[in-house]
Amino acid sequence: MQGETRLERQLDRAVARATSPRGAAIVIASASIAVTFGSALLMTIADHKNYPSVGSGLWWAVQTVTTVGYGDHTPVTVPGRLVAAFVMLVGIGYLTVITAAITSTFVSRSEAVRGPSDAEAAAAQQLREIDARLARIEATLTGSS
């Protein structure tokens, strides 16, 4: 499809892999782990004075991604705050979109497997009866002409 961004194509592939609850959990967990470790590394590079080790960056990333935010470590430099803003937006946006897309896929599949409800079946039966009555009326009208 033209006009798709690289991120959209990656998201489509990730959702396509989530064909079962286990697959969905793997996709969501993989995305969460990638964001957490990636942001820990970025924070260590961007704000090395306050996050001198990957461990301290990882502690900050886990707090931020899980939205716990103890506040014991907060970025103070501009690059560190930019990384933090990125991680927060990705956590809110990207992971939410993945989760919603996978949930939507499961709901659609569930509805397709479930089939029509009792009310839908009753309405379909009524439409068949109306169709049969209309056919008899038409036959009567064409027979009397």
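Modeller: Leu 127 is exposed, because its relative accessible area is 58%, where exposed means over 50%, buried under 20% and partly exposed in between, using a 1.4 Å probe and protein chains only. Leu 127 is placed in helix H5, which covers residues 118-144, a helix being a DSSP run of H or I with at least four residues, numbered from the N terminus. The model is a predicted one, in which local features need pLDDT of at least 70, side-chain atom pairs count only at pLDDT 80 or more, and totals for chains, interfaces and linings use all residues. Residues are numbered from 1 along each chain as its sequence is written, and side-chain values use heavy atoms, leaving out hydrogens and water.

Other buried residues of H2 include Ala 40 and Met 43. Leaving aside residues up to four places away in sequence, Thr 44 touches Tyr 51, Pro 52, Ser 53, Val 54 and Gly 57, where contact means heavy atoms within 4.5 Å.

Two of these partners, Val 54 and Gly 57, lead us into helix H3, residues 54-65. In H3, Ser 56, Gly 57, Trp 60, Ala 61, Gln 63 and Thr 64 are buried. Seen down the axis of H3, these buried residues fall within an arc of 165 degrees, so they line one face of the helix; the arc is taken from the directions from the helix axis to the C-beta atoms. After H3 comes Thr 67, whose phi is positive, near 60 degrees.

Key
Helix = DSSP H or I, 4+ residues; strand = E, 2+ residues; numbered from the N terminus. Expected span 1.5 Å × (residues − 1).
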